[in-house]
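Please have the sequence and the coordinates open while reading.

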Amino acid sequence: MKLDTSRTLLALLVLTFCGSLHAQLRPSGRISAVPTQRIAQSGPLQADFIVAVVNSEPITNNELRARVTRVEQQLGQQGTAIPPRDQLVQRMLEQLINERAQLQQARETGVRVDDSMIDQATTNVAQQNQMTVEALRRRVEAEGLPWAQFRNDLRDQLLLSRLREREVEARTRASDIEVDQFIREQQSAFDPSSGEIHIAHILIAIPENATEAQIATLRTRAQAVLERARKGDDFAALAKEFSSAPDKASGGQLGLRTVARYPALFTDATRDTPAGGVTGPVRSGAGFHVLKVLEKKSSGLPTSISQTHARHILLRTGPKLTEAAARERLSQIRQRIVQGKADFAAVAKEVSQDGSAANGGDLGWTNPGQFVPEFEDTMNRLAPEQISEPLTSRFGVHLIQVVERRETKLTQLQQREVARNILREKKSEEAYVAWAQEVRGRAYVEMREPPQ
């Protein structure tokens, strides 16, 4: 079996639990810390009512209040200025509307997340916070969030992640012609003195079919944000307050990347901007961007890559084999292998339902980004010769063993694949923003009672 080469465009973010687990937008999607403060009540309990309807699904005032409270607590824990309450309420309401519309599309188009996937995600969250699942449950409940609600939130975020990956992936494909042109440009224009750069941005989005008057108003708003940043206002706080981009929760940070992996619009605008400087507004297809250079680092384009030699056992699930049964069977197989009572390759030949079974489950040497994220994230955490716990992916349930790792120089073919992935990444952010706006535009949204 050749595993899907698509990668996650957005990491798993537990948005509705952001006041309890500090989620960071990073390629790994890991949650970096566990909270130490209880979620505070935003006021006395009151009779609930509907503040908005998305298609036929309501958003309640208490639901909105809970989201606002969690965000306020998160900002307070981070030492970030909290926006005025009315502004935050409106932004969180819009966020809930967008999420609700996307979740509806996920269900309508057949995106599914079963309990075993939620179990796997819960285990990942616990491991990333260096605790057991039971310890995570105690901490979550101590923070005032019911465990069932935490799992429901995980389910929603997994649904959103799968939907976004599927919908945005098709918009970020890079043709052979684009790859050839990109390689030629890099060979002729790459400047080693500005090899890597870390940029944060604030996106003032322009709605579809906006009038010239609306565009002028948004340009003025972007200019005002730029002036506040130049006067010393905290850029991350400004991003959380004004940005329409998905990465606003992390202060608009896009990460330290080679210059080639950023849109030319951003690198051209920041070419003469020193670290710590701000510039803009610059206009893209999504809207106006205010940019801040967080870091510039001398580095060339990658000439080598870390490769992993792994093997796996796959059990496909269906009417005759549930995921729970597959996980139980692989747990027993893993125990036998670890105890020295069975050989991984021999068992793979016998039971694996993958094309690699004839080779003992051997997947050969692989490059980063070659496997689906849930498979690769688990593989990357394994030491050589270590065997994973049963892992659920879109293909079934796996056991993974890392045989060895190595650093190797990129061949010409591999360099083309790196260039293709860089192009896809450059396209992904604007593609996601455009898609999210389309989903929002198609939804019937009715505002009801004003939030309280």
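Helices α2 and α5 are roughly perpendicular to each other. The model is a predicted one.

**Helix α2 against helix α5**

- The axes of α2 (residues 85-108) and α5 (residues 147-169) come within 9 Å and cross at roughly 75°. Angles of 65 to 115 degrees count as roughly perpendicular, and α2 and α5 are therefore described in that way.
- On the α2 side, the contact is made by Glu99, Gln102, Leu103, Gln105 and Ala106. On the α5 side, it is made by Asp156, Gln157, Leu159, Leu160, Leu163, Arg164 and Glu167.
- Sorted by class, the residues in the contact of α2 with α5 are five nonpolar, three polar and four charged.

**Helix α1 against helix α2**

- Helix α1 (residues 61-77) also packs with α2: the two axes come within 9 Å and cross at roughly 115°. The crossing of α1 and α2 is right-handed.
- From α1, the residues in this contact are Glu63, Leu64, Arg67, Val68, Val71 and Glu72. They meet Arg85, Leu88, Val89, Met92, Leu93, Gln95, Leu96, Glu99 and Arg100 of α2.
- The contact of α1 with α2 has eight nonpolar, one polar and six charged residues.
- Glu99 of α2 takes part in the contact with α1 and is also listed in the contact with α5.

- An open sheet is formed by three strands in the order β4-β3-β13, with antiparallel pairing.
- The edges are β4 (57-60) and β13 (445-447); each has a single partner strand, so one side of each is left without a neighbour in the sheet.
- On average, neighbouring strands of this sheet are turned by 20° against each other, direction ignored.
- Strand β3 (residues 50-54) and β13 run antiparallel and are joined by three bridges. Ala52 has Met447 in β13 as its bridge partner.
- Helix α1 packs on this sheet and touches β3 and β4. The direction of α1 makes about 55° with that of β4.

- Four strands make an open sheet in the order β10-β9-β12-β11, and the pairing is antiparallel.
- The edge strands β10 (362-366) and β11 each pair on one side only.
- Neighbouring strands in this sheet are turned by 40° against each other on average, direction ignored.
- β11 and strand β12 (residues 396-409) run antiparallel, with three bridges joining them. Thr392 has Val397 in β12 as its bridge partner.
- Helix α10 (residues 323-338) lies across β9 (304-315), β11 and β12, and runs at about 55° to β12.
- Helix α12 lies across β9, β10, β11 and β12, and runs at about 60° to β12.

**Strand β5**

- Strand β5 is mostly covered, with ten of its ten residues buried.
- Both faces of β5 are covered. One side carries Glu196, His198, Ala200, Ile202 and Ile204, and the other carries Ile197, Ile199, His201, Leu203 and Ala205; all of these are buried.
- β5 pairs with strand β6 (residues 253-258) in the antiparallel sense over four bridges. Ile197 stands opposite Arg257 of β6.

**Backbone details**

- Gly280 and Pro281 are joined by a cis peptide bond, with omega at about -10°. Pro281 lies in strand β7 (residues 278-283).
- Asn209 is not a glycine, yet has a positive phi of about 65°. This residue is found in the loop between β5 (196-205) and α7 (212-230). Asn209 is exposed, with a relative accessible area of 70%.
- Glu385 is not a glycine either, and has a positive phi of about 75°. The loop that holds Glu385 lies between α12 (373-380) and β11 (391-393). Glu385 is exposed, with a relative accessible area of 64%.

Methods:
Residues are numbered from 1 along each chain as its sequence is written. This is a predicted model: local features need pLDDT of at least 70, side-chain atom pairs count only at pLDDT 80 or more; totals for chains, interfaces and linings use all residues. Side-chain values use heavy atoms; hydrogens and water are left out. Axes are lines fitted to C-alpha atoms, for helices over the stretch in contact, and angles run from 0 to 180 degrees between N-to-C directions. Helices (H or I, at least four residues) and strands (E, at least two) are DSSP runs, numbered from the N terminus. Angles under 35 degrees count as roughly parallel, over 145 as roughly antiparallel, 65 to 115 as roughly perpendicular and the rest as oblique. Contact means heavy atoms within 4.5 Å. Ala, Val, Leu, Ile, Met, Phe, Trp, Tyr, Cys and Pro count as nonpolar, Asp, Glu, Lys and Arg as charged, and the others, Gly among them, as polar. Buried means under 20% relative accessible area, exposed over 50%, partly exposed in between (1.4 Å probe, protein chains only). Two strands pair if DSSP finds at least two bridges between them. A crossing is left-handed if the near helix is turned anticlockwise from the far one by less than a right angle, and right-handed if clockwise.
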